Amino acid sequence: MTGTTIFDPAQYKASIRTEWRAAAPGWQTWFEVLEAEDGGRAVSRCLVQLAGIGPGDAVLDVAAGYGEPGLTAARAVAPGGRVVCTDISGEMLAVGRERAAAEGLDNLEFLECDAEELVLEEASFDAVLSRQGLQFLLDVPGVLARLHAFLKPHGRLAAAVWGPPGTVQFAAPVPLIRAELQLPPPPTGIPGPFALADADRLAGLVEAAGFTDVETGTVTAIYQTGSAELATRWLREVAPPISTLVDGRPPEVQERVWAGVTQAWAPYTTADGHVRLENQAVWVTGTR
């Protein structure tokens with residue numbers, strides 16, 4: 001198959017909302033893998049530290065999913081602080097509410113809203129956080145400008161996105177999937193897991209939104225499963241941008257593709273059969 005697919009922004013927005021709603025049960029099932037100390041929690045801790053969050057602060061978490069890094073921030077701003085977690089998926093936020101209740105955290109608010117439609121009081125937050133959300137937005141410059149306005153003077157932005165594909169091992173099977181299904185390459189310049197992987201471009205967008213003292217760096221999230229088969233199941237259930245490439249195909253095609261994915265974990269399989277995936281996130285910070 002040749003050529004490229006045509007990108008429809010309206011269809012994309014509808015699809016991403018549906019996909020992340022459907023992914024909520026998977027994120028709950030695989031919480032211990034996703035939020036291992038050296039996994040997602042490492043990225044959340046990094047962002048909270050970069051933002052300089054402390055007791056009494058007001059924090060906005062954009063594209064919070066099931067509450068990260070919002071819950072990490074909620075612990076840091078107590079006593080007296082508050083966190084507002086926003087996400088396009090109410091189902092993901094519901095998992096966040098359950099997590100907050102289980103941990104006895106009562107200083108969080110969960111707001112279902114598209115990041116591109118957020119309406120909040122200007123100059124009302126000490127920090128804005130986002131973990132692996134900005135890359136999926138259609139209008140990154142517009143959202144960054146909006147977030148800049150929500151911050152108090154000298155407030156901090158701290159966000160993380162995935163680094164280049166070669167540094168993100170959970171995405172290693174994607175070329176295999178595309179080749180097996182004879183998929184055309186995705187259009188350039190569209191939202192997706194690696195849309196903001198270029199640190200210089202990311203920094204430029206943040207600066208253009210009015211932020212000063214902009215810096216970038218990297219942090220690694222490690223995901224581990226007990227076997228290659230479990231790694232494939234995990235990927236299918238938590239990564240809609242990848243799993244939707246295969247969904248809807250005839251059952252025998254899906255079985256063949258996912259069997260190939262399981263084999264593709266071989267370079268990341270340890271002597272005891274576990275799969276260990278190192279994934280580089282690029283972070284960016286800036287000050288209003």
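T285 counts as buried, because its relative accessibility is 0%, and the cut-off for buried is under 20%. Keep in mind that this is a predicted model.

**T285 and its surroundings**
- T285 belongs to strand β7, which covers residues 275–287.
- Setting aside neighbours within four places in sequence, T285 is in contact with L50, R156, L157, A158, D213, V214 and E215.

**The cysteines**
- A disulfide is a covalent bond between the sulfur atoms of two cysteines.
- How many disulfides does the structure hold? The number is zero.
- C46 is in no disulfide, and the nearest cysteine sulfur, which belongs to C85, is 18 Å away.
- C113 is in no disulfide either, with the sulfur of C85 again the nearest cysteine sulfur, at 13 Å.
- C46 is buried, with a relative accessible area of 16%, and C113 also counts as buried, at 17% relative accessibility.

**Helices α7 and α11**
- Helix α7 spans residues 174–181 and helix α11 spans residues 251–264.
- Their axes come within 10 Å and cross at roughly 150 degrees.
- Angles over 145 degrees count as roughly antiparallel, so α7 and α11 are roughly antiparallel to each other.
- The crossing of these two helices is right-handed.
- On the α7 side, the contact is made by L176, I177, E180 and L181.
- On the α11 side, V253, R256, V257, W258, G260, V261 and A264 take part.
- Sorted by class, this contact has eight nonpolar residues, one polar residue and two charged residues.

Conventions. Residues are numbered from 1 along each chain as its sequence is written. This is a predicted model: local features need pLDDT of at least 70, side-chain atom pairs count only at pLDDT 80 or more; totals for chains, interfaces and linings use all residues. Side-chain values use heavy atoms; hydrogens and water are left out. Helices (H or I, at least four residues) and strands (E, at least two) are DSSP runs, numbered from the N terminus. Buried means under 20% relative accessible area, exposed over 50%, partly exposed in between (1.4 Å probe, protein chains only). Contact means heavy atoms within 4.5 Å. A disulfide is a pair of cysteine sulfur atoms within 2.5 Å. Axes are lines fitted to C-alpha atoms, for helices over the stretch in contact, and angles run from 0 to 180 degrees between N-to-C directions. Angles under 35 degrees count as roughly parallel, over 145 as roughly antiparallel, 65 to 115 as roughly perpendicular and the rest as oblique. A crossing is left-handed if the near helix is turned anticlockwise from the far one by less than a right angle, and right-handed if clockwise. Ala, Val, Leu, Ile, Met, Phe, Trp, Tyr, Cys and Pro count as nonpolar, Asp, Glu, Lys and Arg as charged, and the others, Gly among them, as polar.
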